[in-house]
Amino acid sequence: MKVYLLGAGPGDPGLLTRKAEDVLATADVVVYDYLASPKLLDLCRPDAEILYVGKKGGDHTLPQDKINELLVQKAKEGKIVARLKGGDPYVFGRGAEEAEELLEAGVDFEVVPGVTSAVAGPAYAGIPITHRKYASSVSFITGHEDPTKAESALNWDALAKSASTLVFFMGMKNLPMISRNLIAAGMRSDMPVALVHWGTTCRHRSLVSTLETVAEDAVAHQFKAPSLIVVGEVVQLRDTLNTFERKPLLGKGVVVTRARHQASSIAEDLAELGACVYEFPTIAIEPLADMTHVVAAIEKLPEYDWLIFTSVNGVWNFFAELNAMDKDTRALGGVQVAAIGPATAEALEEYGVIPDFVPDKYVAESVVEGMLARGAAGKKILIPRAKEAREVLPDELRKAGAEVEILPVYETVLAESGSEEIEEAMEAGDIHCVTFASSSTVDNFFKLVKPEALQKYEGGVKLACIGPVTAKTLAGYGFTPDIQPEDYTIPALVDAVAQALGPKK
């Protein structure tokens, strides 16, 4: 039995330490806070017990003494417990109190420090908390004092005269008092002050003001908790060093509707541009229950002239069955291979197969044109694909005289619904775009979200389609895409979303 007090970092999941990641991957129980990124829970074991004990604005899911009891109880059940705390456990995280309780109960524990928001939040806002020219020291201060107390526990005179950068945690409610006390203690009223809200996350934003006006500016610009208050000359560097806030999609909510195992690439690309990504897999990819026909087709591969792959999923499922039969790419022999686009071609290359043909435009019609130019008429063609798919490609090839056999190797099914979260986020104005990377994602999206529910936000929520085929499917539900790239690829779709939602040049 053991409890790990883990620092979750300031919000950007990429700032989690490697050691904390290792602990999450092995823990039996994970107890996490409000400020810990939910994305970190993806690192946990699928069978781990996940318990939320967050505290937000005075609303305590579980009081601190009960959290302490929970940690002791779970550890004494013989379990490895990961206590995931925002920032660093020992920087205004009450980690020391939990450690003392564990010691008293005879429970072994270990602290895994995290990146504190006091350093990371200002850094992402372009504010170094120390600088040879401006500040040689820094003070971390709680702003959570009761303003009605007769006497403050803080030495305001020392803080005002120290020439340190001052970073206040949990101080937004007391911002007027903090400003008043510093000015009364002798700090000049035009001292630069920055507010950093949800630092390092996709919701990150910052504001620069002065000690005299910051409380009013905070109200005017709706800065609330969780926000850091940074006081000092270093704040002057914010406009020069602030690169994070120039990300084109920062603060924009974008829904990704791809299957969960395929969503990572587009989600990562959008997140890198600053977007708040909502993964809403409308489809799930499943192998067929009966693969007898696939086995039979693979056994007679030498009889075919061409293999045409129309999706990455087709590649993965076809080669999974090939490998299950103890065969490799040698089974393809002299068969020529075509891929409908660069992503499919890349998937083939992972198996050591370089396609003989990839069309310039990544739709079935262009594949037909290119195949006919390569003498496909009269040839025998095998198309591994989804159980249900458009028939344009096989139909047109047959019209040209090719002998075409469809080989279903997987099926797309409706994913588990998470529509409540998406609809709530749209209602709150947090979603700015929904992306569709295939016709099946459109069809299944509207099985989970009623078209009339989306119509309420027409204009406010933009719809992005990867290409004309997907756009045509969307039109069947009464919608026209606002965004559609010239190249029908995921990278082009991401670029088009960034151009549409980003700052206008």
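Student: Helix 16 lies across which strands, and at what angle does it run to strand 19?
Tutor: Helix 16 (residues 439-448) lies across strand 15 and strand 19, and makes about 30° with strand 19. Contact here means heavy atoms within 4.5 Å. Axes are lines fitted to C-alpha atoms, for helices over the stretch in contact, and angles run from 0 to 180 degrees between N-to-C directions. This is a predicted model in which local features need pLDDT of at least 70 and side-chain atom pairs pLDDT 80 or more, while totals for chains, interfaces and linings use all residues. Numbering starts from 1 along each chain as its sequence is written, and side-chain values use heavy atoms, with hydrogens and water left out.

Student: Why do strand 15 and strand 17 stand at the edges?
Tutor: The open sheet has 5 strands in the order 15-19-18-16-17, with mixed pairing. Strand 15 (283-287) and strand 17 (336-339) each have a single partner strand, so one side of each is left without a neighbour in the sheet. The average twist from one strand to the next is 25°.

Student: How do you know that strand 16 and strand 17 pair?
Tutor: Pairing requires that DSSP find at least two bridges between two strands. Strand 16 (residues 306-309) and strand 17 have 4 bridges in the parallel sense, so they pair by that definition. Trp306 has Gln336 of strand 17 as its bridge partner.

Student: Why are helix 2 and helix 3 called oblique?
Tutor: The axes of helix 2 (residues 64-76) and helix 3 (residues 95-104) cross at roughly 45° and come within 10 Å. Under 35 degrees counts as roughly parallel, over 145 as roughly antiparallel, 65 to 115 as roughly perpendicular and the rest as oblique. Helix 2 and helix 3 are therefore oblique to each other.

Student: Which residues of helix 2 and helix 3 make the contact?
Tutor: Helix 2 contributes Gln64, Ile67, Asn68, Leu71 and Val72, and helix 3 contributes Glu97, Glu98, Glu101 and Leu102. These divide into 4 nonpolar, 2 polar and 3 charged. Nonpolar covers Ala, Val, Leu, Ile, Met, Phe, Trp, Tyr, Cys and Pro; charged covers Asp, Glu, Lys and Arg; the others, Gly among them, are polar.

Terms used
Helix = DSSP H or I, 4+ residues; strand = E, 2+ residues; numbered from the N terminus.
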